[in-house]
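Hi,

Here's the structure I promised to pass on. Have a look at it first, and then read my notes below.

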Amino acid sequence: MARLDAVRLAELLSADAAGFAPVFAQAGQTCQQVFGDTVKIRALLEFSNYCRRKCRYCGLNCTNTQLVRFRLTPDEIVNTAVQAAQAGYQTVVLQSGEDPYFTPEILGDITKQIKTACPNLAITLSCGEFPATVYQFFKDCGADRYLLKHETADPDIYAALHPDSSLAQRLQCLRDIHAAGLETGGGFMVGLPGQTLQTIAEDLLLLAQIPCDMAGIGPFLPHPDTPLGSLPHGSVLLTLRAVALARLLLPHANLPVTTALGVLDRTLADKVFCCGGNVIMQKVTPPSLRKLYQIYPADFTADTITEGRSKIEARLKALGKIPL
Ligand code: SAM
């Protein structure tokens, strides 16, 4: 395939179905060569929906007064991570809004406690922006990975959506995460207002430039209690195309089938496994709290940690995949 610069990427993203088919095929082959039939299941523990940020697309933003807020205690977080390891998960993703209660010291202590209890459980943190020294501290406490999507590579769109941050600051965080020796997770939303195919091309190149070890690419889903609540959601097909191109740019990266994609169309979302995706997230958040981690509206099951694990394993096996 010709060199994938921004012009070529945007061209491919706008191709008709026949024009894009070779990209899906090549992304599927690349994924097969690198990961075989395996799909990694990550345990996602959403431990606080408090957030000091005002991201205009996100239901957790601090101006949303409709949302009932919750936070787990450090003991609850550690115990849930241990249960996830006992259920067979090899990675737990600890995600939250930017909740000032969870200082670096508290997050570091939680990380150390989980590592002491479960040395083989990889820990991904996804708790927002911190100074470089803090990412290094998380690494020293035993964290393995850090997930911080860049959201959009266009500085003007970024500024319009994030009144209290900038793209430059977000990218600096990603570089600091990488420099700290943490596996680095970026990613972006498809369908943000003002986004063009050129923007998505730049988003993809940015993932390669960081470089990201993992990348979450998902559709924007409107949340009614946010300023973007009346906008249409991002396109499933365009998201699938972006994941396929990300696979070609980053053959070894972990690319999840994002939860947001599954919310729009689970059958189509499963197609990502044939065209580049090799990871899926499964919530282990306490069932009564899942609906409160409402970054966008969605229904979630009340399955226990073990039930959820069994169901997702069965779903992957039915697709001919080997769950890890
Ligand atoms: N606070 C952390 C951070 O900023 O990275 C993690 C939590 S944040 C809620 C996790 C991700 O949710 C964001 O990176 C964003 O891409 C996604 N998200 C938020 N609102 C969304 C929406 N309306 N549609 C799709 N994805 C959304």
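Strand 6 is the top contributor to the lining of the largest cavity, giving 5 residues. Keep in mind as you read that this is a predicted model. Strand 6 covers 214-219, and the other elements that give two or more residues to that lining are strand 1 (38-48), strand 2 (91-96), strand 3 (122-126), helix 10 (259-264) and strand 8 (279-283).

How many residues line this cavity? The lining has 50 residues, and Q95, S126, K149, E151 and I295 are the ones nearest the cavity's centre. Sorted by class, the lining comes to 25 nonpolar, 15 polar and 10 charged residues. The volume of the largest cavity is about 1000 Å³. With a threshold of 30 Å³ or more, the count is 1 cavity.

Now for the ligand. Where does the ligand sit? You'll find it in the largest cavity. There are 18 residues around the ligand, and those that come nearest are Y57, S96, E151, R170 and L221. E151 turns up again here, as it is also among the residues nearest the centre of the cavity. By class, the shell around the ligand is made up of 10 nonpolar, 5 polar and 3 charged residues.

- L221: one of its backbone N or O atoms is 2.6 Å from a nitrogen atom of the ligand.
- S96: a polar backbone atom is 3.0 Å from a nitrogen atom of the ligand.
- R170: here a polar side-chain atom is involved, 3.2 Å from an oxygen atom of the ligand.

As for how covered the ligand is, on its own it exposes 560 Å², and the protein buries 92% of that.

The largest pocket holds about 560 Å³ of space. Its lining consists of 19 residues, with R266, Q282, F300, T301 and R315 nearest the centre. Which elements give two or more residues to the lining of this pocket? They are helix 10, strand 8 and helix 13 (305-318).

If you'd like a place to start, go to the ligand in the largest cavity, then move on to the pocket lining around R266 and R315.

Cheers

Methods: Residues numbered from 1 in each chain as written. Predicted model: local features only at pLDDT ≥ 70, side-chain atom pairs only at ≥ 80, totals over all residues. Heavy atoms only, no water. Near = heavy atom within 4 Å. Polar contact = N/O pair within 3.5 Å; in protein donor to acceptor, adjacent residues only side chain to side chain. Areas by Shrake-Rupley, 256 points an atom, 1.4 Å probe, with all protein chains shown as cover. 1 Å grid on protein atoms, 1.4 Å probe; cavity = no way out; pocket = protein on both sides within 12 Å on 5 of 7 lines; lining within 4 Å. Sits in = over half its atoms within 2 Å of the grid points. Nonpolar A, V, L, I, M, F, W, Y, C, P; charged D, E, K, R; others polar. Points joined across faces, edges and corners; volume = space filled by probe spheres on them. Helix = DSSP H or I, 4+ residues; strand = E, 2+ residues; numbered from the N terminus.
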